[in-house]
Amino acid sequence: MNPRLIVARVGRSMMAVGFGFFLFDLIAFRVGKVWSPLPLGGVLAALHLVPPQPPWLWLQAVYAYVGSSSVAAVIGLSGLAIYTAFGKPPTLTWRAFITSIALFPYRIATSIFTDTLKTVRYIVSSILIFVFAVTALVGTWFGVEYALRSHLFSRSQSCDLRNEIFSAVQFDFFYQCIDASGTQADEPERFFAFFIASERYPDAAARRTGHAWFGRLALRKVESSYLLTEYKITGYGYRIIGGASCQRWIEGPYSIIQPFVPTSVHQLLSAWYCNAPVIGAEGPQIEVPAGQPLPKVSTPAEVNKMLGVNKPEVLLAVAINKEQFNNIQFLVDKQIKDPRPYQLLYHDCTTFVRELAASIGLYVRPRILAAFPSETVYALMLDNLRSDEIPSGLDAKQ
């Protein structure tokens with residue numbers, strides 16, 4: 001390669017570096033709101049101003065070296081001198097050559113803008129491709145899971161024990177029963193799980209998000225009747241607003257965006273996030289290994305009292321086996337020891353019920369498709385009952 005051409009290219013590169021530093025000074029002006037020109041020789045040195053420190057440490061470090069010295073001027077002017085001396089092609093007139101030098105910053109800026117635009121377009125297209133790919137993969141995964149695991153259970157003779165437990169009282173809430181036990185209805189021991197929720201139309205702004213809770217029931221058959229050996233109504237919620245710390249992965253990002261969050265939204269989040277949790281009895285707590293007669297109920301109010309301190313909107317009773325019953329007990333004990341705070345939509349009463357439902361083999365749809373407590377229990381009914389046994393109007397209740 002021609003040495004003269006090599007030197008010309010070096011000079012042009014030095015001009016580009018100097019111009020790049022000048023663009024950097026424009027960025028510093030945009031950030032610091034004070035124009036401090038690079039000292040282009042002695043004339044501009046007399047006009048140099050000392051701006052306030054830029055807000056970012058990396059910007060301070062670079063500007064301290066470049067913006068307060070003649071580095072950029074030396075590089076840029078040296079490059080201009082070298083390129084002027086060695087860069088003129090023999091076929092180009094001096095007028096055209098000087099014009100090309102004058103247009104050089106414009107070409108550099110255009111090149112930067114074009115390359116930046118291409119880079120941004122590439123990044124955006126890559127992100128979109130990634131998002132669409134993940135969405136398609138997740139959608140396919142949930143679709144396959146739904147096809148394989150939903151609508152597997154039906155009512156059975158075990159559900160007829162409803163009359164043994166609650167007599168023939170007409171419920172004032174929506175009720176369904178399915179059998180997920182895989183056992184015969186005449187087993188000497190029968191076990192049930194109750195998934196219960198209130199507030200069909202929750203209102204988070206009014207602090208009425210509804211509530212989901214859980215019950216477990218164990219019966220022992222004696223001749224032609226049943227004795228009650230265990231009946232416990234349990235719920236998960238919060239003791240007081242506040243009183244607990246959020247996980248760092250929540251607190252860190254939120255502390256950054258919190259100044260931009262509307263006050264009303266911030267107050268709403270403060271009311272429902274990072275609250276001191278509590279799990280415990282929300283209704284009768286009966287445990288008699290030897291068994292006792294089933295309680296007598298004759299009115300809807302008495303039934304509701306048996307089901308807890310909150311009035312039910314919907315109840316799904318699930319016949320389960322002893323192993324499933326023990327799994328549920330294990331998860332309840334685990335939740336009692338869980339140190340995480342109560343956090344709406346992430347670690348709340350609904351996630352508690354969802355985990356228990358999944359532990360006994362029920363299909364549980366993604367939370368985003370059934371965010372509130374009553375929606376979750378209605379979804380458990382709709383997704384787990386056999387298609388030919390779904391009652392009319394159940395789909396409309398979600």
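Predicted model: local features only at pLDDT ≥ 70, side-chain atom pairs only at ≥ 80, totals over all residues.
Select Arg162 together with Phe171, and you will find the charged end of Arg162 over the ring of Phe171, 3.9 Å from the ring centre; a charge counts as sitting over a ring if NZ of Lys or CZ of Arg is within 6 Å of the ring centre and within 35 degrees of the ring normal.

Residues are numbered from 1 along each chain as its sequence is written, and side-chain values use heavy atoms, with hydrogens and water left out.

Turn next to the aromatic pairs, in which rings of Phe, Tyr and Trp (its six-membered ring) have centres within 6.5 Å, with planes under 30 degrees apart called stacked, over 60 edge-to-face and the rest tilted; the count comes to 14 such pairs. Select Phe171 and Phe173, whose ring centres are 4.8 Å apart and whose planes meet at 15°, so the pair is stacked. Phe171 and Tyr175 instead form an edge-to-face pair, 5.1 Å centre to centre with 70° between the planes.

Phe171 is buried at 11% relative accessibility, where buried means under 20% relative accessible area, exposed over 50% and partly exposed in between (1.4 Å probe, protein chains only); Phe173 is likewise buried, at 9%.
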